Amino acid sequence: MDPVSTSPTAPVAFLKGHGTENDFVIVPDPDNAIDLPPHVVAALCDRRAGIGGDGLLHVVRSAAHPEARAMAGEAEWFMDYRNADGSVAEMCGNGVRVFARYLQRAGHVTAGDLAVATRGGVKWAHLAKSATGGASATSADSATGAEDGGITVRMGRAVLPDDGVTVAVGGREWPARNVNMGNPHAVAFVEELAHAGDLFSEPPVGPASVYPDGVNVEFVVDRGPRHVAMRVHERGSGETRSCGTGACAVAVAAARRDGTDPAVTGAPVTYTVDLPGGRLVITEHPDGEIEMTGPAVIVGEGYVDPVWLETAFATRPEARSNG
């Protein structure tokens, strides 16, 4: 049985934000004082009975969270990320950008570089100085293509386990590339994005032993030179409008397929990745570092109704239904 959780006695503030329409409930909690059990996270992310989101960004100071204290010297803030079903996740690329945008909006940080602690390690974000470009934009902003107010995140290096993986949908089967971006991905190149099916449930990926904790599955088609489009089933959330780590995994897999691996060529390679919710630009450098640039928007803010929240805490997970 799950441990008993108690509803917060003070009003709980929230914001809603998105990055290329990958949307999140944001819960500011610098001192890690708010208990967020999985069933309450799922209730908050419910699109019909809650606020609605592909996931939840719990904003905590690293020093206040047991999973992040070791990173507190490098990153003041910890992105305690949860999937829409309440499960804990290592990382979320679009989430990092929205997390950084929230910190900027709240006055915790200004334009420039920002370290964010995640379960996938410390990630660095660069917030453009000008939302409109022009004379106030820095050279770094221009170099990353962030003059439009976008945020560039240094996503770290990809790990490519040498596992033979396949993805199957509706009687079709494709070989897939196993790419780990701090969280697991299976990238399949297909002829049409419709071949991915409805993506309501996780497409079968084999062998199952390769991904014991589940996997994010990307289906990819070519749109032009170094330009691809994708759909994704995110572990714990279903199909989402965008996935930042997934876009990075896709760019890495495409570079290996196309013979443009920067570690081999000695030159950085950039891929444009179109997602249902917008466009991300992914650059991989010869040292393996991957950068992702894209928008991040705060839509609104408010307080969770205390009566609703008390009910959400009191409702056992087995009593909830999506039907």
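Reader: What percentage of the 323 residues in the chain is buried?
Author: This is a predicted model: local features need pLDDT of at least 70, side-chain atom pairs count only at pLDDT 80 or more, and totals for chains, interfaces and linings use all residues. Numbering runs from 1 along each chain as its sequence is written, and side-chain values use heavy atoms, with hydrogens and water left out. Buried means under 20% relative accessible area, exposed over 50%, partly exposed in between (1.4 Å probe, protein chains only). Among the 323 residues in the chain, the buried share is 52%.

Reader: What is the average pLDDT of the chain?
Author: pLDDT is the predictor's confidence in each residue, from 0 to 100. A score of at least 70 is reached by 89% of the residues. The chain average is 90.

Reader: How many helices and strands does the chain have?
Author: Both are DSSP runs, numbered from the N terminus: helices are H or I, at least four residues, and strands are E, at least two. The chain comes to 6 helices and 18 strands.

Reader: Why is helix 1 largely enclosed by the rest of the structure?
Author: Helix 1 spans residues 38-45. Its cover includes strand 2 (22-28), strand 3 (55-61), strand 4 (77-83), strand 18 (297-304) and helix 6 (306-314). The buried residues are H39, V40, V41, A42, A43, L44 and C45. Helix 1 is largely enclosed because its buried residues number 7 of the 8.

Reader: How many aromatic pairs are found in the whole structure?
Author: Rings of Phe, Tyr and Trp (its six-membered ring) pair if their centres lie within 6.5 Å; planes under 30 degrees apart count as stacked, over 60 as edge-to-face and the rest as tilted. A search of the whole structure gives a count of 2.

Reader: What is the angle between the planes of F24 and Y81?
Author: The ring centres of F24 and Y81 lie 6.0 Å apart, and the pair is edge-to-face. F24 in strand 2 and Y81 in strand 4 are 57 residues apart, so the pair links distant parts of the chain. F24 is buried, at 0% relative accessible area, and Y81 is buried at 2%. The angle is 75°.

Reader: Which residue forms an aromatic pair with W174?
Author: The pair is edge-to-face, 6.0 Å centre to centre and 80° between the planes. W174 lies in strand 9 (residues 172-180), and its partner, 45 residues apart, lies in strand 12 (residues 216-224). W174 is buried at 6% relative accessibility. The partner is F219.

Reader: Which residues have the most contacts inside the largest nonpolar core?
Author: A nonpolar core is a set of buried Ala, Val, Leu, Ile, Met, Phe, Trp, Tyr and Cys residues joined through side-chain atoms within 4.5 Å. The largest has 52 residues, and its largest share, 9 residues, comes from helix 4 (residues 244-258). Another core, of 18 residues, lies apart from it and includes W174. Inside the largest core, the most contacts belong to M79 and I282.

Reader: Is P11 buried or exposed?
Author: P11 is found in the segment before strand 1 (12-19). Its C-alpha atom is separated by 9.9 Å from that of G302, 291 residues apart along the chain. At 57% relative accessibility, P11 counts as exposed.

Terms used
Contact = heavy atoms within 4.5 Å.
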